Amino acid sequence: MSEKGSGPVARTVLQQCLQARLQVKPAEEDSEAQFVQIDRGMVIYICFFKGATDDILPKMVSTLLNVRLCESDSGKMVSVLELPGSVLIVPQATLGGKSKGRAMQYHNNISKEDGLRLYGSFVSLCEKELAAAASAESGDEVKHGTYGNRQVLKLDTNGPYTHLMEF
């Protein structure tokens, strides 16, 4: 899904879930750990590569939220927008790793500053798309991790429906 002759500018992994809980801030001496949580829906792990711009974001959001990868109660495959379901977005720079010998290298990943900006824009677009599709009583929402920080994820998958998509 990237331009002809060039590599991808973003990589995502999608996982259908029954529940997911992400620690976004570890416990400290004077505060407890902070978490975000979703129930039924989809977890999106995302990594941006050098060359990624805001131009790719609308296509990514539309594709990821509309692709039919979630199983409905009737067993039919539907999009997370049709489920209805929530979305947990997890920044995952390690998706850009390439092995060299016994080590991993991340030379093709976007800079931290540009990645943070694109990640924030991606989350905002997902929030708008889900809000436009969700009914008021559904309770569907977008939750997200913090860019550039170590996070702990607890995930109950429904499948395993795990899909890699590149843009």
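I began with the contact between α1 and α2, where contact means heavy atoms within 4.5 Å. From α1, the residues L57, P58, M60, V61, L64, L65 and N66 meet L118, S121, F122, L125, C126 and E129 of α2. Sorted by class, this contact has 10 nonpolar, 2 polar and 1 charged residues. Here Ala, Val, Leu, Ile, Met, Phe, Trp, Tyr, Cys and Pro count as nonpolar, Asp, Glu, Lys and Arg as charged, and the others, Gly among them, as polar.

I noted that this is a predicted model, where local features need pLDDT of at least 70, side-chain atom pairs count only at pLDDT 80 or more, and totals for chains, interfaces and linings use all residues. Residues are numbered from 1 along each chain as its sequence is written, and side-chain values use heavy atoms, with hydrogens and water left out.

Next I looked up the packing: α1 (residues 57–66) and α2 (residues 112–133) are at an angle of about 50°, and their axes are 10 Å apart. That makes α1 oblique to α2 (under 35 degrees is roughly parallel, over 145 roughly antiparallel, 65 to 115 roughly perpendicular, the rest oblique). Helices are DSSP runs of H or I with at least four residues, and strands are runs of E with at least two.

Then I turned to the cis peptide bond, which runs from L83 to P84 with omega near -15°. I found P84 in the loop between β5 (77–78) and β6.

Which strands each supply at least two residues of the lining of the largest pocket? They are β3 (41–48) and β6 (86–91). The largest share, 4 residues, comes from β3. By class, I wrote down 11 nonpolar, 8 polar and 1 charged residues for this lining.

Key:
Axes are lines fitted to C-alpha atoms, for helices over the stretch in contact, and angles run from 0 to 180 degrees between N-to-C directions.
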